[in-house]
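The following exercises concern a single protein chain. Please inspect the sequence and the structure before working through the solutions.

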Amino acid sequence: MDWSHSLRLVAPEELLSVAGLILLLVAAWSGDKASRLISILTVAALVGAAFLVAPALCAGASGPDTYAFFGQFRADAFASFAKLLIYGAAGASLMIAPQFFERAGGMRAEYPILVLFAALGGGIMVSATDLLTLYIGLEMASLASYVLASILRNDERSAEAGLKYFVLGALASGILLFGMSLTYGFTGTTNFSGISAALGGGLSTGALFGVVFVLAGLAFKISAVPFHMWTPDVYEGAPTPVTTFFATAPKVAALALTMRVSLDAFGSQADAWRQIVIFAALASIVVGALGAIGQKNIKRLMAYSSINNVGFILIGLAAGTVEGASAMLVYLAIYVAMTIGGFVAVLMLKDAEGNQVEAISDIAGLSRDRKVLAAALAMVMFSLAGIPPLFGFWGKFVVFQAAVQAGLVPLAAIGIAASVIGAFYYLKIVKVMYFDEPTGKAVGRSDWAHQALLAVCALFISPLGYLLTKCLGHLADTAAAALFAAV
């Protein structure tokens, strides 16, 4: 093995690791008063890492030259696409945090460092081509996330969210480890290509159980039904900037990892796991839609919306084709923009004293007090519902198109019908903002960072976003082709 070649391929991870260690020392020496400086330097490190991974995506990197460390790590175009989304979402979560935490009791120096290490773990996850690398990346991201959820020490909801996330996350890790041990035991290898070759000769009962347990562990990480129970409580209890991060970067990493495991390691037995994915997709769509209808807290509603959207994304995985993988990546990019826009809008919902407003009933008549914010939030809701001409419609369209092309017409038809249920609770938010009597509660103002980020997200999900379909589609096709080049 050429060590210099391997070290070049992991340059983004090296940059983030070194930056994280240096910033840890800065935080230890300077304390919380250096939190803003650390946040700025963390964003700079994420931007630098993004510049390092972008060439691989633009060049469509694939093949043997993308493997590092004896085939345990793969820096291909697929991983680059996912890493760009992860780094972008992490950067957005850092931009919106200072004002919130200063109001909630002080911005802590460790917050940006934890986000950095979670993003680093996510990057390792999407590049993993070995079960051991997979677990290292997963645990690095998870351990940082557990602390992030409970970072507000004086908030009982935050502490509760962190504890629930930790306990259920440990359970999911145990399930995943058990599946990995079964897979290793019945295939004789932890390498994805080796697993695929071993399963190509036939799927034994023990190996089937291994596949099921591995997918069950990953289903927890993407909050797919029936492993979604932690999502509403953690999203509601965690600080809103942390919830923004949870709903975007780790979800992109977990979904991309699920794609690589399913299509690479288990790709030779697609019929064995396709029925599991179809069930998880349909169940997530229905449970996410029905669970959101009765919610009174907007963060819990967004949690069920996240579950619902994961169901639509999994339809592309069920197709098991290059087109399906490309559609998933397109949907993920649009989903990240919609989710960041939604949670930034939630952050901007404040009363006159600057306290967060999270009850849906408290944003009644928002269109009369804060017209621009109400319009942006309405755009996010319509886009999440997949209502044209907003860009969210395109994400659902390409996923359903991929399912139809793969011969899964009934799945696409059920998914389209179930999407109507989800439209109900999205439209409910719009109805409350525009047609209910004003409560006059959400009248507080926000800083420029929130306004700028919301404006960017609103422009992206507006009809102007369709101007990017060709570019986004090309990048997604390139990334999907690189993923299948390893199959």
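**Exercise 1.** Determine whether Gln-295 is buried or exposed in this predicted model.

*Solution.* Step 1: the relative accessible area of Gln-295 is 12%. Step 2: the cut-off for a buried residue is under 20%. Step 3: Gln-295 is therefore classed as buried, because 12% falls under 20%.

**Exercise 2.** Describe the surroundings of Gln-295.

*Solution.* Step 1: Gln-295 sits in the loop that joins α14 (270-293) to α15 (298-319). Step 2: with neighbours within four places in sequence set aside, its contacts are Arg-300, Leu-301, Tyr-304, Ile-360 and Lys-428. Step 3: one of these, Ile-360, is 65 residues away along the chain, yet the C-alpha atoms of Gln-295 and Ile-360 are separated by 8.4 Å.

**Exercise 3.** Characterise the span of residues 128-422.

*Solution.* Step 1: an unreviewed UniProt entry lists these residues as "domain: NADH:quinone oxidoreductase/Mrp antiporter transmembrane". Step 2: the span is 77% helix and 0% strand. Step 3: its end C-alpha atoms lie 34 Å apart. Step 4: the protein chain as a whole has 22 helices and two strands.

Note on methods:
Residues are numbered from 1 along each chain as its sequence is written. This is a predicted model: local features need pLDDT of at least 70, side-chain atom pairs count only at pLDDT 80 or more; totals for chains, interfaces and linings use all residues. Side-chain values use heavy atoms; hydrogens and water are left out. Helices (H or I, at least four residues) and strands (E, at least two) are DSSP runs, numbered from the N terminus. UniProt positions are given in the numbering used here, feature names are shortened, and annotations may be inferred rather than shown by experiment. Buried means under 20% relative accessible area, exposed over 50%, partly exposed in between (1.4 Å probe, protein chains only). Contact means heavy atoms within 4.5 Å.
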